[in-house]
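Welcome! Take a moment to look over the sequence and the model, and then we can walk through some of its features together.

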Amino acid sequence: MPASYDADAIAALADQHVSWQDKALPPAFWGRTVADVLADKPRLSQLPTPLMTLSAPGLRHNVDTLARWCSTHGLDLAPHGKTTMAPALWAMQLDAGSWAITLANGFQLGVARAYGVNRVLIANAIVSPLQLRWIADELAAHPGFEVLVWADSVRTVEIMEAARAAYVGPDARPLDVLVEVGGVGGRTGARDAETALAVAEAIATASTLRLAGVAGYEGAVSKDVDEPGLEKVRSYLRELADLHNRLQPLYDPDVVPVVSAGGSEYFELVAEVLAPLAKEGARVVLRSGAYIAHDDGLYRRVSPLGETPRTDGGQLVSAMHGWVRITSQPEPGLAIFDAGRRDLPFDQDLPEPQLIRPRANGEPVLKADGMTVTKLNDQHGYLEFNSTPVVIGDELRIGLSHPCTAFDKWGLIPVVDDPDAADPVVVDLVRTFF
């Protein structure tokens, strides 16, 4: 069954008042509810720059595309909610059949619980006694709530067990724990099978914990999509599968073990290597997060459903865009626009100029040919141009790279009906919680 959420809490987001704290909206909208703003069907031209928007058809396409792909390939999906930290978008993913929402820490779990998400996979170790006690309280108060956490060392297991054993009674629901497997030079995760087995045995013998499966993140193992890079990922995923098979004697009889991997770069390999385990009784869970917005940079290049597909299924599309305004032309061929690193992602690629909005009613949208963003300061961007001139006041649409560092810069994100239109209509406002 897909995870559930509190639909009333999601609907109540429309009753929140917008204010000066929402940099995406102009003063004319302050003091009104989200529902009131949307009732007037505002257009992009009514919003200030800099701005980030989402595409309604793009989001819908991406959510449906990966849901179908997972179903076809025998995988469950627990999209990584830390990408957007937007409960309304989590709801869209859950409505499309997602088994759970993945998160990264206790704060994010608090957001999920505030919106009633009843099944969460925390792709991290929780070693704070305060957070462990709060999770224990949630499990005790809400029988339908499920949470799975990770551990990659016996010490981690000992901390969890000590914190919980001193707090919960003998009849308390156990905390489900996945053994995390890592790779040399990667991030977290046990580096060898012996360590991973020791972690599993410590979980299985703990009085307040339950061994629930294995997990890892193959994106920390390789960054290449050439064949040597792909084979490195396959090898890592085989280690995950082998560990799961070796843990069979340790699983409780009533546990459906989870085998989880999969960012947004190599999910076709997760299906190739791990999906067969589902036929043997495991639940194979993909945790991709960036796919919902995709992008015009990193994931366009490397996603299995990007510009060079490596698997079947429809291609993903970029569902996020920036909008900036030219404020200065201090030198020939150089323009400065009104957005910088506090507005736009820059850790993977610089923004990509795409369109120039009409300068006057009735004029066409122009392609931003011959333009390159060369640098971002905190609040300024540098645009070099040659074949297509720009003038002060021009508004440009720019493609963005890396959703995980785009959403966190915006507390309220307008969703438009058609990002290619001369003056798109705002059809939703998505609230984020970072």
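Predicted model: local features only at pLDDT ≥ 70, side-chain atom pairs only at ≥ 80, totals over all residues.

## Starting with Ala78

Trp99 is another residue to look for here: 21 residues separate it from Ala78 along the chain, yet their C-alpha atoms are 5.6 Å apart. Is Ala78 buried or exposed? Ala78 counts as buried, because its relative accessibility is 0% and the cut-off for buried is under 20%.

Now step back to the whole chain. It is divided into domain 1, made of 7-55 + 316-431, and domain 2, which covers 57-294. Where they touch, domain 1 brings 19 residues to the contact and domain 2 brings 22 residues. The C-alpha centres of the two domains lie 34 Å apart.

Together, domain 1 and domain 2 bury about 1,700 Å² between them, and carbon and sulfur atoms give 73% of that area. On the domain 1 side, Ile10, Leu316 and Phe407 supply 34% of the area buried against domain 2, more than any other three residues.

## What the interface is made of

How many salt bridges does the rule find across the interface of domain 1 and domain 2? The number is zero.

Four elements of domain 1 each give two or more residues to the side that touches domain 2: α1 (7-11), β1 (51-55), β17 (412-416) and β18 (426-431). Sorted by class, that side of domain 1 has 14 nonpolar, three polar and two charged residues.

## Backbone details in two loops

The loop between α2 (34-39) and β1 holds Pro50, and the peptide bond that leads from Thr49 to Pro50 is cis, with omega near 0 degrees. Lys41 is also found in the loop between α2 and β1. Phi of Lys41 is positive, near 50 degrees, in a residue other than glycine.

Met85 is not a glycine either, and its phi is positive at about 45 degrees. This residue takes us back to the loop between β2 and α4.

Technical notes: Residues numbered from 1 in each chain as written. Heavy atoms only, no water. Domains from an automatic or database assignment. Contact = heavy atoms within 4.5 Å. Buried area = accessible area lost by both parts, 1.4 Å probe. Salt bridge = Lys/Arg side-chain N within 4 Å of Asp/Glu carboxyl O. Nonpolar A, V, L, I, M, F, W, Y, C, P; charged D, E, K, R; others polar. Buried < 20%, exposed > 50% of the residue type's maximum accessible area, 1.4 Å probe, protein only.
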